[in-house]
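Me: I would like to learn how to read the features of a structure. Can we go through one together?

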Amino acid sequence: MVIIAMVTGFILILMGLYGALTNTNILRMIVSFSVANTGVNIVLVSVGYMHGRTAPILDNAVPLAEASTRIIDPVPQALVLTAIVIGLGITTLMLAYAYKLYETKGTLDISKFSELKW
Amino acid sequence: MIKRFIVLLFLLALGLIFTQLLVEYIPDSELNLTAHYYAEHTAQDIGASNIVTAIIVTYRGLDTLGEVTVLFLTAAIVGLLLSKGNYKGKSLQRQLPQSGELLTTGSHLLVPLILLLGAYVFINGHLTPGGGFQGGAIIASAILLILLTDPLRKFSHTLIATIEATSGLLFLFIGVLGMIYAGGFLDNRLLPVGELGTLFSAGAIPFIYSLIGLKVGAEFSSMLVNLSETEGS
């Protein structure tokens, strides 16, 4: 189970990086980065998974006394919650910059932006 | 061609590293020290059923403040970058097609329900899987639905900014109150911890998370509105 999630995450990271490095359209690069970001999140969450345990919420399913033997690791989940929100912020920023670049040059092709190339 | 080859080589190396990690990975069978502490002490100290919420709002409250600040900065930068175009007073170049009957009627039905679900998710953040960030994103999805129905609809930037600023300030204010009346900055024991599993438990967590939810919802909405206002220019 955890291996499947990790393999999926790693494949998503590789797919996203491949897309970001080979595409020249800025919008496609942004989509690729989002895919890679999702892969990282899946890997991080799957690290906290433990077989046969349940979500870290104390209710009828998890008696207080047995909490530490019944729940999975809550720390990666808290970390990924943060990572998802920041990832969304980064995606929005990239989209805004892409719009600005399109406004100045009239194209979204990254190879046309050669000012900073040496 | 050579560029693609280098890319593939790089990805192959990265894939090898990942495989190595995967082969050597041994899942934990016990909670580590930090997680064990959280599992044992959350119920007595914080009183929140959802341990993830307890970590985010109280144990790591300062980090959450930083996260909200990053989001605020993002929203501010997006607003700064995209607002220039509006002042030129450009008129709409192309006529947008009417959105369909299904979308219009559906959004009238769904938007109030989605807003309600968002509020439910952030008010019950300490009891159920959910919280301020998730609830805020749900609220922003209602705004997105409205924008899909009518891309040229104008939202009041003043209202969004007011909600965002007020909830952010109140969040800080509760944090400082925790410093005066309880153990430290953003301490939730400002209010009685209450009985585990009830709505008014976990001290100040429901209030803090509701404020975070409003703030995040307003920030996401302002990003969406700013991006949407580039339409037609």
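**Reading the interface and the rings**

Reply: Start with the contact, meaning heavy atoms within 4.5 Å. It takes 53 residues from chain B and 41 residues from chain A. This is a predicted model, where local features need pLDDT of at least 70, side-chain atom pairs count only at pLDDT 80 or more, and totals for chains, interfaces and linings use all residues. Residues are numbered from 1 along each chain as its sequence is written, chains are lettered from A and ligands numbered from 1 in the order in which they are written, and side-chain values use heavy atoms, with hydrogens and water left out.

Me: How much area do chain B and chain A bury between them?

Reply: The size of an interface is often given as the accessible area lost when the parts come together. Buried area is that loss with a 1.4 Å probe, summed over both parts. Here chain B and chain A bury about 4100 Å², with 77% of it on carbon and sulfur atoms. In chain B, the residues that lose the most area to chain A are B:Leu22, B:Tyr25 and B:Leu81, together 15% of what that side buries.

Me: How many salt bridges are there between chain B and chain A?

Reply: A salt bridge needs a side-chain nitrogen of Lys or Arg within 4 Å of a carboxyl oxygen of Asp or Glu. Between chain B and chain A the count is zero.

Me: Now the rings. How do I describe a pair?

Reply: Give the distance of the centres and the angle of the planes. Rings of Phe, Tyr and Trp (its six-membered ring) pair if their centres lie within 6.5 Å; planes under 30 degrees apart count as stacked, over 60 as edge-to-face and the rest as tilted. The whole structure has four aromatic pairs over all chains. One of them is stacked: A:Phe10 and B:Phe18, 4.3 Å centre to centre, with 15° between the planes.

Me: Are A:Phe10 and B:Phe18 buried or exposed?

Reply: Buried means under 20% relative accessible area, exposed over 50%, and partly exposed in between (1.4 Å probe, protein chains only). Both A:Phe10 and B:Phe18 are buried.

Me: Which kind of pair do B:Tyr37 and B:Tyr59 form?

Reply: B:Tyr37 and B:Tyr59 are edge-to-face, 6.3 Å centre to centre and 65° between the planes.

Me: Why does B:Tyr37 count as partly exposed?

Reply: Because its relative accessibility is 39%. B:Tyr59 also counts as partly exposed, at 21%. Ring pairs link B:Tyr37, B:Tyr38 and B:Tyr59 into a cluster.

How values were computed: Buried area = accessible area lost by both parts, 1.4 Å probe.
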